[in-house]
Amino acid sequence: IEDRDNVIAEFAKWMLENPNPKNVAWVSKITNQTSSSVAAITNATGFYLDYSEDLIALEGKMPLLYVVRNEMKEVADKWIKANTPSATTVYMGKHMMFWERPKEFNKVVDEFLASVEGK
């Protein structure tokens, strides 16, 4: 909060595969629409909210799709195989994969939805 502009710029770089100045500026502009207090609370919740049990409870009962950033593959793959092995998992990009790779991301979602349609 004390150096918000720098924190946001670094956060944008972490989220982007292509952290060029134009992309960082766009993400920063969007991020700046959230107040510091709300942004801090939103980010902090990621440290203490754990949806693992919810996902495990859905295993075999509901189709699951995980679209995971590439650099989390090893950790995510291990957890998914142990806890929700029937899930469909795709690895691509970073956090903003839906924005940087919209065609690829949407294709994954469309194919998943088509595979579960009518089930």
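Buried means under 20% relative accessible area; exposed means over 50%. Keep both cut-offs at hand for this predicted model.

**Exercise 1.** Decide whether Val24 is buried or exposed, and list the residues it touches beyond four places in sequence.

*Solution.* 
1. Locate Val24: helix H2, residues 21-31.
2. Take its relative accessibility, 10%. The cut-off for buried is under 20%, so Val24 counts as buried.
3. List the contacts. Leaving out residues up to four places away in sequence, Val24 touches Ala9, Ala12, Lys13, Leu16 and Pro19.
4. Check one pair. Ala9 and Val24 are 15 residues apart in sequence, yet their C-alpha atoms are 6.3 Å apart.

**Exercise 2.** Work out which side chains of strand S1 are buried, and how S1 pairs with strand S2.

*Solution.* 
1. Start from the rule: in a regular strand, side chains alternate between the two faces of the sheet.
2. Apply it to S1, residues 65-68. Tyr66 and Val68 point to one face and are buried.
3. Pair the strands. S1 and S2 (residues 88-91) run parallel, over four bridges. Tyr66 has Thr89 of S2 as its bridge partner.
4. From S1 the chain passes through helix H5 (residues 73-83) to S2, a right-handed β-α-β crossover.

Note on methods
Residues are numbered from 1 along each chain as its sequence is written. This is a predicted model: local features need pLDDT of at least 70, side-chain atom pairs count only at pLDDT 80 or more; totals for chains, interfaces and linings use all residues. Side-chain values use heavy atoms; hydrogens and water are left out. Helices (H or I, at least four residues) and strands (E, at least two) are DSSP runs, numbered from the N terminus. Buried means under 20% relative accessible area, exposed over 50%, partly exposed in between (1.4 Å probe, protein chains only). Contact means heavy atoms within 4.5 Å. Two strands pair if DSSP finds at least two bridges between them. A crossover is right-handed if, with the strands pointing away from the viewer, the path from the first strand over the helix to the second runs clockwise.
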